[in-house]
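Welcome! Keep the picture open as you read.

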Amino acid sequence: MKLALDEYAHINSPIHRWETRSKLIGLITLIFAFAFVKTLHLLPAMLLVTALLYVASRLPLSFLLMRLRYPGYFLLGVVLLLPFLSGETVVWQWGALTLRQEGILATILITCRFLSIVTIGFILIGTTPILKLINAMRSLGLPPLLADMMLLSYRYLFEIANDLATMQQGMRLRGFRSQSRKGLFIPNGQELRRLASLTGTLLVRSYEQSERVYKAMKLRGYGAHSQPLLQSTAAFHLRWEREAGSVIALLLMLLVASGFVIAEVV
Amino acid sequence: MHIPDGILPAQVCIGGYAVTGLATWYSLRHINRKKDPTADIPKASLLTAAFFIASSIHIPIPPASVHLVLNGLLGTVLGYYAFPAILIGLVFQAIILGHGGLTTLGVNAAMMGIPALVAYHIFQLRDRFGRRLNDRWFVGIFSFLAGAVGLGLAAIVFFILVITTIPSGFDVDVERAAIIGLSLAHIPLMLIEGTFTALLALFLLRVKPALLNIKSEG
């Protein structure tokens with residue numbers, strides 16, 4: 001499991017230089033505008049905007065392909081099922097297997113929408129350090145409790161993943177392996193109990209660590225004035241002279257996004 | 001059990017965000033009523049991370065394997081922190097693994113988080129049955145129910161959303177039959193999730209009752 005997000009967050013590109021708050025608003029608006037798209041002739045435009053943004057972000061293609069591997073399974077499911085199940089107009093038939101027009105169109109729509117939205121999402125994540133992102137969300141009104149929780153859980157994600165890997169290795173070294181092949185569809189009770197203990201140990205370890213973390217944080221003054229970890233930066237105002245590019249990019253995104261929504265409604 | 005981007009129409013996504021916003025507000029209101037709301041933040045955060053990692057553990061069911069949702073367990077362990085925890089866990093699953101999605105974040109959080117709150121209340125119900133709080137049977141039975149109901153509710157919402165919104169030529173009756181059929185097919189998974197939750201709750205009761213908000217015996 002590859003957890004690190006910030007791998008390419010420090011390249012220099014127009015999208016990387018884009019100020020975080022306006023980038024967040026701009027790209028999220030665009031994502032939602034894409035979710036509105038239902039007509040097929042808007043799809044090429046949608047894919048084009050996505051591709052242009054990806055090229056502008058200078059993220060390597062391998063970044064996207066690696067991250068698309070997991071959601072790709074879902075896509076495969078849609079492509080394999082929908083054209084055969086959904087719709088009435090039969091395009092092609094072979095025995096019980098029928099290819100239906102409505103299903104094919106729905107598949108194309110879902111696939112394109114999915115790819116565009118996911119890619120824009122990864123552009124947002126790939127070009128912004130996670131701390132900046134949480135800070136931006138905080139200054140846009142994310143409750144402090146959520147921001148603190150996000151920050152802390154992201155911080156400990158890696159350690160807990162290591163914990164689990166170590167424990168699983170330990171289990172294997174002591175001879176645990178998935179063996180039951182006899183009872184089809186019935187999980188082995190003993191195995192289930194061991195995995196429950198494994199999960200439980202993981203939770204107990206995290207809990208005990210959290211108590212140490214809390215004490216350390218309290219010693220440094222956390223919670224004294226119910227102050228959150230991240231101070232919200234001053235209200236959302238951008239300085240024109242320094243951030244002109246960011247504002248223009250934001251306006252451009254809002255324009256493109258409303259273009260898609262208007263084209264869809266009209 | 002995650003709805004990915006691109007499947008649901010924007011209206012449903014926005015509706016999901018509205019419901020999630022409401023549920024978050026409700027949870028935060030309960031959390032802020034505590035004497036020191038920040039005291040439990042590290043615990044909730046680390047357990048959020050632990051649940052995120054734990055959901056990658058596969059349970060072998062020959063010939064395949066499933067991975068658990070654990071939302072019922074989250075509810076029993078974290079109480080009202082379960083909703084923010086699930087919301088954050090889903091954000092990370094969406095941005096790190098590409099599992100779920102950003103537009104469907106609201107829908108997914110509501111789908112798994114509200115059943116987690118229900119599971120929490122189910123687990124708390126055992127207080128009504130006599131005073132022997134630490135009775136292993138009560139903990140076992142109610143955590144089983146919490147786990148099973150948590151997953152079951154999420155599965156029902158999932159199928160209703162996916163089947164009614166995917167553009168298809170099916171009529172209403174076929175869709176309803178599909179929803180009922182697929183939900184029934186999830187009963188074995190509910191049993192497994194419930195059993196796993198119960199085993200885990202009993203483990204925690206033995207090893208670290210504080211995690212279940214139960215004072216340790218003696």
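## A residue to start with

With 14 C-beta neighbours inside 10 Å, Pro188(B) counts as partly exposed, because a residue needs 20 or more such neighbours to be called buried and 12 or fewer to be called exposed. You will find Pro188(B) in helix H8 of chain B. From Pro188(B) to Ala148(B) there are 40 residues along the sequence, while the distance in space is 9.6 Å from C-alpha to C-alpha.

## How confident is the predictor?

Before going further, please note that this is a predicted model. For the complex, the predictor gives an ipTM of 0.83 and a pTM of 0.86.

Each chain also has its own confidence score. Chain A has an average pLDDT of 81, and 85% of its residues score at least 70. Where in chain A is confidence lowest, and where is it highest? The lowest mean, 72, belongs to strand E1 (residues 90–94) of chain A, and the highest, 91, to helix H3 (residues 43–57) of chain A. For chain B the average pLDDT is 83, with 90% of the residues at 70 or above, that is, scoring at least 70. In chain B, confidence is lowest in strand E2 (residues 64–67), with a mean of 70, and highest in H1(B), with 92.

## Chain A: helices, strands and domains

Chain A contains 9 helices and 2 strands. Chain A has 266 residues, and 34% of them count as buried. Take the contacts in chain A between residues at least 6 apart in sequence: 77% of these join residues at least 24 apart.

Chain A is divided into two parts: domain 1 (6–139 + 235–265) and domain 2 (144–175 + 189–219). The centres of these domains of chain A, taken over C-alpha atoms, are separated by 33 Å. How many residues do they bring into contact with each other? Domain 1 of chain A brings 4 residues, and these are in contact with 4 residues of domain 2 of chain A. On the domain 1 side of this contact there are 3 nonpolar residues, no polar ones and 1 charged.

## A closer look at one helix of chain A

Helix H6 (residues 130–139) of chain A has several buried residues: Leu133(A), Ile134(A), Asn135(A), Ala136(A) and Arg138(A). What do the buried residues of H6(A) pack against? Their partners are helix H2 (20–36) and helix H7 (144–173) of chain A. Just after H6(A) comes Gly141(A), which takes a positive phi of about 110°.

## Chain B: its overall build

Now for chain B, which has 8 helices and 2 strands. Along the sequence, chain B follows the pattern α-α-β-β-α-α-α-α-α-α. Of its 218 residues, 55% count as buried. Among the contacts in chain B between residues at least 6 apart in sequence, 76% link residues at least 24 apart.

The axes of H1(B) and H4(B) come within 8 Å and cross at roughly 135°. H1(B) and H4(B) are therefore oblique to each other. In this contact, Thr20(B), Ala23(B), Thr24(B) and Ser27(B) of H1(B) meet Phe83(B), Pro84(B) and Leu87(B) of H4(B). The residues of the contact divide into 4 nonpolar, 3 polar and no charged.

## Where the two chains meet

The contact between the chains takes 57 residues from chain B and 67 residues from chain A. On the chain B side, the elements that give two or more residues are helix H1 (10–32), helix H2 (41–54), strand E1 (58–61), helix H4 (82–97) and helix H8 (187–207) of chain B. The largest share of that side, 13 residues, comes from H2(B). By type, the residues on the chain B side divide into 41 nonpolar, 12 polar and 4 charged.

Let's finish with Ala54(B), whose place is in helix H2 of chain B. Is Ala54(B) buried or exposed? Ala54(B) counts as buried, because 24 C-beta neighbours lie inside 10 Å. Leaving aside neighbours within four places in sequence, Ala54(B) is in contact with Thr199(A), Leu202(A) and Leu70(B). Ala54(B) and Ile187(B) are 133 residues apart in sequence, and their C-alpha atoms are 22 Å apart in space.

Conventions
Residues are numbered from 1 along each chain as its sequence is written. Chains are lettered from A and ligands numbered from 1 in the order in which they are written. This is a predicted model: local features need pLDDT of at least 70, side-chain atom pairs count only at pLDDT 80 or more; totals for chains, interfaces and linings use all residues. Two residues are in contact if their C-beta atoms, placed from the backbone, lie within 7 Å. Helices (H or I, at least four residues) and strands (E, at least two) are DSSP runs, numbered from the N terminus. Ala, Val, Leu, Ile, Met, Phe, Trp, Tyr, Cys and Pro count as nonpolar, Asp, Glu, Lys and Arg as charged, and the others, Gly among them, as polar. Domain bounds come from an automatic or database domain assignment. pLDDT is the predictor's confidence in each residue, from 0 to 100. Axes are lines fitted to C-alpha atoms, for helices over the stretch in contact, and angles run from 0 to 180 degrees between N-to-C directions. Angles under 35 degrees count as roughly parallel, over 145 as roughly antiparallel, 65 to 115 as roughly perpendicular and the rest as oblique.
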